[in-house]
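Q: Please walk me through this structure feature by feature. Give me the rule each time, then the case.

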Amino acid sequence: IIFARHGWRVIGSFFGFDYQLRSSSQYTVYTRRDPFPRMIIALDRIEKVEEWDASVQFYAFDIPIPGSVRYAVHHCSRSIHSSLAVIPRHRLTTEDPRTPWELRMNVYVLPADLQDCSFATF
């Protein structure tokens, strides 16, 4: 699934498995729209889970396997509008973190062609 939003760009695509494979873990993508569209990618239950929608669950790898590609999950909690606001969000990228983003974890996945992906908006 590709989450498309005006102004965003696709950096890649990968297979997320519906069932657990050897050395894989289950990831949940949580989304919400307030105060702006954002997501959190988690291995475990998140705080205030009732405020988020569990949009997608998939299995991927914590460690590199042959043929896999590394995606980094970056975390940011600072607001661009106020130094007092805490607005947690994640992004999935192939880039290194840059301020205000910090590395949360790496996910190793098998690449997929865009023609094999489903598009969704959030």
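Q: Which residue lies over the face of W52?
A: Start with the rule: a charge sits over a ring if NZ of Lys or CZ of Arg is within 6 Å of the ring centre and within 35 degrees of the ring normal. Here R32 lies over the face of W52, 5.2 Å from the ring centre. Another case is R38, whose charged end sits over the ring of F36 at 5.9 Å from its centre.

Q: What should I know about the source of these values?
A: This is a predicted model, in which local features need pLDDT of at least 70, side-chain atom pairs count only at pLDDT 80 or more, and totals for chains, interfaces and linings use all residues. Residues are numbered from 1 along each chain as its sequence is written, and side-chain values use heavy atoms, with hydrogens and water left out.

Q: How many helices and strands does the protein chain have?
A: Helices (H or I, at least four residues) and strands (E, at least two) are DSSP runs, numbered from the N terminus. The protein chain has nine strands and zero helices. Its pattern along the sequence is β-β-β-β-β-β-β-β-β.

Q: How many aromatic pairs are there?
A: A pair of aromatic rings is described by the distance of the centres and the angle of the planes. Rings of Phe, Tyr and Trp (its six-membered ring) pair if their centres lie within 6.5 Å; planes under 30 degrees apart count as stacked, over 60 as edge-to-face and the rest as tilted. The count comes to five aromatic pairs. Take F14 and F58: their centres are 5.8 Å apart and their planes are at 55 degrees, so the pair is tilted. This pair links distant parts of the chain, with F14 in strand β2 (residues 14-15) and F58 in strand β5, 44 residues apart. F17 and Y19 also form a tilted pair, at 6.5 Å centre to centre and 50 degrees between the planes. F14, Y27, F58 and Y71 form one aromatic cluster.

Q: Is F58 buried or exposed?
A: Buried means under 20% relative accessible area, exposed over 50%, partly exposed in between (1.4 Å probe, protein chains only). F58 has 11% relative accessibility and counts as buried. Of the 122 residues of the protein chain, 36% count as buried.

Q: What does F58 touch, beyond residues up to four places away in sequence?
A: Contact means heavy atoms within 4.5 Å. With that exclusion, F58 touches F14, G16, F17, S25, Q26, Y27 and V29.

Q: Which residues make up the largest nonpolar core?
A: A nonpolar core is a set of buried Ala, Val, Leu, Ile, Met, Phe, Trp, Tyr and Cys residues joined through side-chain atoms within 4.5 Å. The largest has 12 residues: Y27, V29, M39, I41, V56, F58, A60, Y71, V73, M105, V107 and V109. The elements giving two or more residues to this core are β3 (24-32), β4 (38-42), β5 (53-61), β6 (69-78) and β8 (102-111).

Q: Where are the cis peptide bonds and the positive phi values?
A: Most residues other than glycine have a negative phi, and most peptide bonds are trans. A cis bond joins D34 and P35, with omega about -5 degrees; P35 is in the loop between β3 and β4. The bond from T99 to P100 is cis too, with omega near 10 degrees. S23, not a glycine, has a positive phi of about 70 degrees and sits in the loop between β2 and β3. K48 has phi near 55 degrees, in the loop between β4 and β5.
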